[in-house]
Amino acid sequence: MARLGILLGLLMAACFTFCLGRKDSELALTHPEESSTKETARKGSTAEEELEPEVLEVFHPTHEWQALHPGQAVPAGSHVRLNLQTGAREVKLQDEDKFRSNLKGLKKGKRLDINTNTYTSQDLKSALAKFKEGAEKENSKEDKERQAKVKRLFRPIEELKKDFEELNVVIETDMQIMVRLINKFNSSSSSLEEKVAALFDLEYYVHQMDNAQDLLSFGGLQVVINGLNSTEPLVKEYAAFVLGAAFSSNPKVQVEAVEGGALQKLLVILATEQPLTAKKKVLFALCSLLRHFPYAQQQFLKLGGLQVLRSLVQEKGTEVLAVRVVTLLYDLVTEKMFAEEEAELTRETSPEKLQQYRQVHLLPGLREQGWCEITAHLLALPEHDAREKVLQTLGALLATCRDHYRQDPQLSRTLVSLQAEYQALAALELREGEDEGYFRELLGAINSLLTELR
């Protein structure tokens, strides 16, 4: 019985297992599409969950570094870095976005506007109120005082325009000014001071060649020349001052001056007793008239100009004038020499300028009037500048005055004395490091003269 019970139990278990297997197989064969659909639906649901974007918290960066937490979204254009010390990511706004911190994002399907630079209607109202307050301040007492101060400092444009119109009326050209000055000088009602002032102002204008010729065109030059006949030394002095400025390197004015009798009047003043200051200005005018003008030099010799200058040099107290006279003679001699050299270089047999200079017999006149001895004696002047000019003139007259120089024992003694003096001065220059000094040049001129006179 026991065995029968065990066998019956095993049989029942086998039947039960067989029935379960038949059920599962039946189900699998009967609903294959339904099973596949369910599996696909399950997989599709998983994929959709993976593709759905996560709703993240929008991070609002500032211009300072801030830690970025997981799950926070960073706006575009932000500056992100990894802090190596803490291992955290940090975020801040870019520098160029200092004034552009408008960021847009989405948070749970809603639009997020974090623009902090927008103006509300209340802001606009406040700004308009401030404008009104500023307009009211313009009418305040303080502003009125400021406006009054500005008016005191600056003149109205209407007054300035009026002044300019008045100035335009009195504006004068150089020609008009010279006419006015000549009229003032020539007026019998003008005082001595007014005449001298007019001549002084006129001298400033006639330095210009065109103005000097304009002075000639309206007859003003002759009025000034006639001023040399005045009995007032100051008028003579300043008239000569004006003429000297007008004659300088102005051939047209020089010609008219000679024809107008200026040369004779200048020589008369130098030949008569006049103040030294007047003679200085007259000699200046004479030099300006004679330089580079051979026709005037011819007339000068015919009028006895060399005798006048000789008397002037021999007067006591006229050493300053003597140096100027010697300089004038040197210029006149070298002018003729340069004209001859220029003619030789250009191979012109009879240029007009050379023909005019050949009619100026200056060197024979200097020899006859005793200028060889006069010039040699002027070497005793104490000033170095005066000695330099005298040495130059002695060298220019050497061909004409060689015999006189050799027969003048005083000249030889003077040259030897100056040689010793300038040797010491030249040696001092060398010790001071001056290779080409002023005294060495004077010493060279003295040595050259001594060599020629031996």
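Contact here means heavy atoms within 4.5 Å.

**Ground rules**

I am working on a predicted model, where local features need pLDDT of at least 70, side-chain atom pairs count only at pLDDT 80 or more, and totals for chains, interfaces and linings use all residues. Residues are numbered from 1 along each chain as its sequence is written, and side-chain values use heavy atoms, with hydrogens and water left out.

**Entry 1: overview**

I looked up the secondary structure and found 23 helices and 7 strands in the chain. Helices (H or I, at least four residues) and strands (E, at least two) are DSSP runs, numbered from the N terminus. Of the 454 residues, 34% count as buried. Buried means under 20% relative accessible area, exposed over 50%, and partly exposed in between, with a 1.4 Å probe and protein chains only. Among contacts with a separation of 6 or more, 62% link residues 24 or more positions apart.

**Entry 2: the core and Tyr405**

Next I asked which residues have the most contacts inside the largest nonpolar core. They are Leu286, Leu309 and Tyr405, in a core of 93 residues. Helix 10 (residues 233–247) gives the largest share of this core, 10 residues. Such a core is a set of buried Ala, Val, Leu, Ile, Met, Phe, Trp, Tyr and Cys residues joined through side-chain atoms within 4.5 Å. As background, nonpolar side chains tend to be buried together in soluble globular proteins.

I then followed Tyr405. Not counting residues up to four places away in sequence, Tyr405 touches Cys372, Ala376, Leu394, Leu397, Leu398, Leu411 and Leu453.

**Entry 3: the disulfide**

The structure holds 1 disulfide, a term for a pair of cysteine sulfur atoms within 2.5 Å. Cys372 and Cys401 form it, with their sulfur atoms 1.8 Å apart. Cys372 lies in helix 19 (residues 371–377) and Cys401 in helix 21 (residues 398–406), so the pair ties together parts that are 29 residues apart in sequence. I read -65° about the S-S bond, and the link is left-handed. Both Cys372 and Cys401 are buried. I also checked Cys287, which counts as buried at 7% relative accessibility.

**Entry 4: helix 7 and its partners**

I compared how helix 7 (residues 192–206) sits against two other helices. With helix 10 the packing angle is about 10° and the axes are 8 Å apart. That makes helix 7 roughly parallel to helix 10. Axes are lines fitted to C-alpha atoms, for helices over the stretch in contact, and angles run from 0 to 180 degrees between N-to-C directions. Angles under 35 degrees count as roughly parallel, over 145 as roughly antiparallel, 65 to 115 as roughly perpendicular and the rest as oblique.

From helix 7, the residues involved include Leu192, Phe200 and Glu203, and they meet residues of helix 10 that include Leu234, Tyr238 and Phe241. By class, this contact has 14 nonpolar, no polar and 1 charged residues. For the classes, Ala, Val, Leu, Ile, Met, Phe, Trp, Tyr, Cys and Pro count as nonpolar, Asp, Glu, Lys and Arg as charged, and the others, Gly among them, as polar.

Helix 8 (residues 209–217) packs on helix 7 at about 120°, with the axes 7 Å apart. Helix 7 and helix 8 are therefore oblique to each other. Leu202, Tyr205 and Val206 of helix 7 make the contact with Asn211, Ala212 and Leu215 of helix 8.

Where does Ser249 sit? I found it in the loop between helix 10 and helix 11 (251–259). Ser249 is not a glycine, yet its phi is positive, about 50°. His292, also not a glycine, has a positive phi of about 60° and lies in the loop between helix 13 (276–290) and helix 14 (294–302). Ser249 counts as exposed at 54% relative accessibility, and His292 counts as exposed at 59%. Most residues other than glycine have a negative phi. Just after helix 14, Gly304 takes a positive phi of about 75°.

**Entry 5: Lys92**

Is Lys92 buried or exposed? Lys92 is buried, with a relative accessible area of 16%. Its place is in strand 5 (residues 89–93). Leaving aside neighbours within four places in sequence, I list Glu64, Trp65 and His79 among the contacts of Lys92.
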